[in-house]
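Welcome, and do keep the viewer open while you read.

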Amino acid sequence: MSASNVWSRSREKIRLFPELFAQCAAEATVYGKCVASTTTGRQELQKDLCAKEFEALKTCFAKAVSDNFSNPSAGHL
């Protein structure tokens, strides 16, 4: 496998990131609101305060990537 081939595939995945992330807008919004609400004022974000929301976002994003890169009919690869 050539280095240029690996680089091309990586660029393709990066180029698709906004489209894939948009598929998880609802989960991203919920996670963002959780982070914002737990860091009001001078509070620092603490580990695991928004773990449930983060896991939902991570799961959604992993599914979006899987659906787009494992389905040749999606037209991306």
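A residue is called buried when its relative accessible area is under 20%, exposed when it is over 50%, and partly exposed in between (1.4 Å probe, protein chains only). With that in hand, a word on the model. The model is predicted, so local features need pLDDT of at least 70 and side-chain atom pairs count only at pLDDT 80 or more, while totals for chains, interfaces and linings use all residues. Residues are numbered from 1 along each chain as its sequence is written, and side-chain values use heavy atoms, with hydrogens and water left out.

**Disulfides**

How many disulfides does a search of the whole structure find? The search finds two, where a disulfide is a pair of cysteine sulfur atoms within 2.5 Å. Counting bonded cysteines along the chain, the pattern is 1-4, 2-3. Here are the two pairs side by side.

| Pair | Sulfur to sulfur distance | S-S torsion |
|---|---|---|
| Cys24 and Cys60 | 2.1 Å | about -95° |
| Cys34 and Cys50 | 2.0 Å | about -90° |

Let us take Cys24 and Cys60 to begin with. The torsion about their S-S bond is about -95°, so this disulfide is left-handed. Cys24 sits in the loop between helix H1 (3–22) and H2, and Cys60 sits in helix H3, so the pair ties together parts that are 36 residues apart in sequence. Helices here are DSSP runs (H or I, at least four residues), numbered from the N terminus. Cys24 is buried, with a relative accessible area of 0%, and Cys60 counts as buried at 15% relative accessibility.

Now for Cys34 and Cys50. Their S-S torsion is about -90°, so this disulfide is left-handed. Cys34 belongs to helix H2 and Cys50 to the loop between H2 and H3, so the bond joins parts that are 16 residues apart in sequence. Cys34 counts as buried at 12% relative accessibility, and Cys50 is buried with a relative accessible area of 6%.

**Helix H2**

H2 covers residues 25–38, and at 1.5 Å a residue its 14 residues should span 20 Å; the expected span is 1.5 Å times one less than the number of residues. The end C-alpha atoms of H2 are 20 Å apart, which agrees. Which residues of H2 are buried? They are Ala28, Cys34 and Thr38. Seen down the axis of H2, the buried residues fall within an arc of 125°, so they line one face of the helix; the arc is that of the directions from the helix axis to the C-beta atoms. The face turned away from this buried side carries the exposed residues Ala26 and Lys33.

The whole structure holds two salt bridges, each defined as a side-chain nitrogen of Lys or Arg within 4 Å of a carboxyl oxygen of Asp or Glu. In one, the side chains of Glu55 and Lys58 meet at 3.6 Å, N to O. These residues are three apart in helix H3 (residues 51–70), so about one helical turn separates them. Glu55 is partly exposed at 39% relative accessible area, and Lys58 is partly exposed at 45%.

In the other, Lys63 and Asp67 meet at 2.7 Å, N to O. They are four residues apart in helix H3, so about one helical turn separates them. Lys63 counts as exposed at 52% relative accessibility, whereas Asp67 counts as partly exposed at 35%. An α-helix has 3.6 residues a turn, so residues three or four places apart point the same way.

How values were computed
Helices (H or I, at least four residues) and strands (E, at least two) are DSSP runs, numbered from the N terminus.
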